[in-house]
Amino acid sequence: MSSSNFHWPINSKTSSSSSSFQRSQTYHLFPFHFQPFPFQLSTSNLRTFIETHQHKTPKNSILVKSLQFHEGVDQFPPHLLPINEQETGDSEQLVNDFEDDIEDPNLFYSSAESKEEEEEDEDSRFRLRNGKEVLAEKAYLVGVEQKGVKVNSFGIEDSLKELSQLADTAGLQVVGSTYQKLAAPNPRTYIGSGKVSEIKSAIHASDVETVIFDDELSPGQLRNLEKIFGGDVRVCDRTALILDIFNQRAATHEAALQVALAQMEYQLPRLTRMWSHLERQAGGRVKGMGEKQIEVDKRILRDQIGALRKELESVRRHRKLYRTRRVSVPIPVVSLVGYTNAGKSTLLNQLTGANVLAEDRLFATLDPTTRRVQMKNGKEFLLTDTVGFIQKLPTMLVAAFRATLEEVSESSLLVHVVDISHPLAKQQIDAVDKVLSELDVSSIPMIMVWNKFDKVSDPKIIKAEAERRGNVVCLSALNGDGLDDFCNAIQEKLKDSMVWVEALVPFDKGELLSSIHQIGMVERTVSKFF
Ligand SMILES: Nc1nc2c(ncn2[C@@H]2O[C@H](COP(=O)(O)OP(=O)(O)OP(=O)(O)O)[C@@H](O)[C@H]2O)c(=O)[nH]1
Ligand SMILES: [Mg+2]
């Protein structure tokens, strides 16, 4: 039998795992029922392979079922057969060989119904990413509510719900979550030992590949938890998840550099993980070697961080130059800030006809976009859309994006866009105010926009509250309701940052008048004849 006459169904679905959640274990990269093995396996290798991953029951059963399925063509793919069996293609023997070694054959031969369920389950794990279908890793979420410590106004369940959205944005499939109330986090494992055991059982029962903690873990806690959960399970925290999303979404050179820098800074103290793993494999004998290697790796990483910083500096110098040129055109700059998914990009698109990506996902925008807005009265201002904020935003990310957010600190006016239809609108406002306080923008005038007004269930009450507070515009960026009010509010507010000028314009410089009308607000004009 030659390999060319064998028909192995190749599904169009690709099996690459998503971004930095990729791992080296082959079974993550090649789901068996979709792709042929890209390597040769002898019977004994295949058996060892199954034994090694025995706890991954559903995947193993898929493997064996695939082989059975292909008995329909009465042959195994040649590259799956042991070399000496390739000519005979003794498929029955191969399956029997497995059965001899499997204590409970039902482990692999489940009913047709559960087969369908498993296939459905596997199918639902494929996500479209950059036009390709990728396998979503299964994730389990863990949170901690510290008794007596009110770090932010989000409750633990809401915070976990948001973490789940983040995981979904990163391309993971959340299969469960849990939280614990603690007086103080456990320095070794963050959560208590009982909870660790409970999570361990839960994640092994549902084949979880990634456990995500809602708070930043120390390198030691990460290492200990991975050790307890077992070598295949990856542990990460909210910061790593957000960094991963930013990494996936960075579209411009500057954003990519900023994210790479933040990721490297995050990795630096966590480098030991890789090497302690090697030391474990070698029974601790290579400890000295590992330590030396860590130093080498840290130095390499520090060098890379230094090189990245330099490159970023040069990109920023260019942007600053561009900005300085823009400042010389005296049009006020208005910056949209707000919680992620509040509708900032939709508002910019609606007002300027721009085509900035706006979607129901967290962190759709990473790079600032500036467009000119022409109001009905002919006046203009520049509107800048910025990266959204989130509660528990990693400090290193704020630092990495500080330069991008410089635009914000140089604006004439800030517009804080709020998704007023969100049940946690108030908490989101607080989280944004917290980040803004880190950015030193308190001297810039600000107005608030209560967006998604079309979605609120009690518009009258909301409108009355907005009027009571003042300085708040209710609108719908999606359908355009309230945009005129928004432009009027901007114009009014911009007056605050203007200075009074009395100018004498000679008749032969009449063209200056139209510029003055465009960029300023003319209170009155008097004609004088000398
Ligand atoms: N119903 C309704 N949906 C809106 C409105 N404004 C925005 N949306 C939707 O909300 C989602 C998020 O909108 P974006 O404009 O991407 O939000 P953003 O603030 O730019 O989000 P980030 O870039 O992630 O910070 C999209 O699905 C929009 O269609 C609105 O006024 N009403
Ligand atoms: Mg956006």
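Begin by colouring the protein chain of this predicted model by pLDDT (the predictor's confidence in each residue, from 0 to 100): the chain averages 73, and 67% of the residues score at least 70. Because the model is predicted, local features need pLDDT of at least 70 and side-chain atom pairs count only at pLDDT 80 or more, whereas totals for chains, interfaces and linings use all residues. Residues are numbered from 1 along each chain as its sequence is written, while chains are lettered from A and ligands numbered from 1 in the order in which they are written.

Next select residues 1-113, where pLDDT stays under 50, and then residues 273-282, over which pLDDT is also below 50.

Now select ligand 1 and the 23 residues around it, of which Gly343, Ser345, Ala358, Thr365 and Gly388 come nearest (a residue is near if its C-beta atom, placed from the backbone, lies within 6 Å of the molecule). Helix α13, residues 344-352, supplies the largest share of this shell, with 3 residues (helices, H or I of at least four residues, and strands, E of at least two, are DSSP runs numbered from the N terminus).

Move on to the open sheet of 6 strands, which has mixed pairing and the order β8-β9-β7-β10-β11-β12 (two strands pair if DSSP finds at least two bridges between them). At its edges stand β8 (369-374) and β12 (472-474), each with a single partner strand, so one side of each is left without a neighbour in the sheet.

Finally, select strand β11, residues 446-451, which pairs with β12 in the parallel sense over 3 bridges; Trp450 has Cys474 in β12 as its bridge partner.

Technical notes:
Two residues are in contact if their C-beta atoms, placed from the backbone, lie within 7 Å.
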